[in-house]
Amino acid sequence: MMSLNKYVYNYFLILFSFIPLSILIGSAVSVVNILLIDVSFLFLLIYKKNFKFLKNSAIFYLIILYLYLIFNTFIAIDYSESISRNVGFIRVIILFIAFNYFFNQQLFFEKMIKIWMIILSIVILDVFIEFTFGKNLLGYGELYGNRIVSFFKDEPIVGGYINGFFLIICGFVFSKNVKNNYFPFLFLIFFVVAIIITGERSNSIKALIGAGIFLLAYKEIKSKPKIIFFICSSFLILMIILNSTFLKNRFYSQIKGGVNHDNLYFKLYKSGFNVFKNYPFFGTGNKNYRIETCSDKKTLIVRNQNEYICNTHPHQLYLDFLSEHGFFGTIILLFIFYKLIFSKIKKTFIENNYIKIGSLIFLIFVFMPIIPSGAFFNDYALTIFAINLSIFYASDKNMNIFKNYR
């Protein structure tokens, strides 16, 4: 156990445990909670005089990313839009360091993850209630018709929220259960079905494929039980979809619609690519896609040509990068994420660290091509990404940035 005062220890445990709930309450609360972690942790580091972790290669690449984002601010169409998002990225780096510091203590991690399990289980129960009765526990659910909003009230993003945590939690549950214990499998399907009934198509695809990869990576049970579970769960999911008019319309229309010129996402993708063509080297600047596509002067010219669709982002990660960061900025971003994440894939799947595997699967699917996605540097999306990236490193004793500096 760390030589921390128990009050300091409990203070940080509360802040870390509050992260999933803070995201539910709202972006402002989530950011404030992370800032509290960051500022408090900086004071702790100064008190401990522990800065040797700065020699770690992961910190080096995160700092390079931060310096690039500062540069991106200066080349943006409107730097006032970019500055808060780019300069504010420092909170992600400090959060990453804080996760590694505290999660090097197994007891801290286990207490926190159990609280996360309770919060996520309540959210999932709420999703099933809203799907069954049309309203959630707080009476939300009418603004988007059959779309599930749960505790988010006016945003149908609860599927992405569950997706951001469920493989970490399943990794913990699977790692704590012995062979031939099938509770973790039921736990996994519970999460996946909850994501599917939200009707969020891209998150459902990620959840289904991600869960499949996770099961393949789980070495404690032989292939036959996995196959049986896969067949039974597939049948269950198919029955749920076929017995819901809402889900049939959501998923069937996506397959039937395909990629055509009348598809909304096709138009958004085309708009994003056109922005990239107009700003090919370093893009419009972070958070400036909206400035470019929604400008009154430009819409008079380009909307008649159907080149732009006014929106906050093009709804696809790579087009998001290309339009706001250009070719060179996108290369910088992808190179850094390759060094931080993708270069570690082979080694991770050889190991039996299922928490690390779960977070890695989520991180990989953030970069899935073609399917729609949110804006990467948006507060909500970036927070969930940062949590998974942090746990990916923190949960591995060999990758934890404090491994040699305790």
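Helix α16, residues 317-340, falls short of the span of a straight helix: its 24 residues place the end C-alpha atoms only 18 Å apart, against the 34 Å that a straight helix would reach at 1.5 Å a residue. A kink of about 115 degrees, centred on H325, lies within α16. The model is predicted.

**Individual helices**

- At the start of α16, the backbone nitrogen of Y318 has a side-chain oxygen of Q316 within 2.9 Å.
- Just after α7, G134 adopts a positive phi of about 90 degrees.

**Packing of α9 and α10**

- Two packed helices are described by the angle between their axes and the distance between the axes.
- For helix α9 (residues 183-197) and helix α10 (residues 201-217), the axes come within 8 Å and cross at roughly 165 degrees.
- This angle, being over 145 degrees, makes α9 roughly antiparallel to α10.
- The crossing of α9 and α10 is left-handed.
- On the α9 side the contact residues are F185, L188, V192, I195 and I196, and these meet N203, S204, A207, L208, A211 and L215 of α10.

**Packing of α18 and α19**

- Helix α18 (residues 354-366) packs with helix α19 (residues 379-394) at an angle of about 140 degrees, and their axes are 8 Å apart.
- The two helices α18 and α19 are therefore oblique to each other.
- A left-handed crossing is found for α18 and α19.
- From α18, the residues I355, K356, S359, L360, F362, L363 and V366 meet I384, F385, N388, L389, I391 and F392 in α19.

**Packing of α1 and α7**

- Helix α1, residues 6-17, packs with α7 at an angle of about 35 degrees, with the axes 9 Å apart.
- The crossing in which α1 passes α7 is right-handed.
- The contact joins Y9, F12, L13, F16 and S17 of α1 to L107, F108, K111, M112, I115, W116 and I119 of α7.

Terms used
Residues are numbered from 1 along each chain as its sequence is written. This is a predicted model: local features need pLDDT of at least 70, side-chain atom pairs count only at pLDDT 80 or more; totals for chains, interfaces and linings use all residues. Side-chain values use heavy atoms; hydrogens and water are left out. Helices (H or I, at least four residues) and strands (E, at least two) are DSSP runs, numbered from the N terminus. The expected span of a helix is 1.5 Å times one less than its number of residues. The bend at a residue is the angle between axes fitted to the seven residues ending there and the seven starting there. A polar contact is a pair of N or O atoms within 3.5 Å; within protein, one must be able to donate a hydrogen and the other to accept it, and residues adjacent in sequence count only if both atoms are side-chain atoms. Axes are lines fitted to C-alpha atoms, for helices over the stretch in contact, and angles run from 0 to 180 degrees between N-to-C directions. Angles under 35 degrees count as roughly parallel, over 145 as roughly antiparallel, 65 to 115 as roughly perpendicular and the rest as oblique. A crossing is left-handed if the near helix is turned anticlockwise from the far one by less than a right angle, and right-handed if clockwise. Contact means heavy atoms within 4.5 Å.
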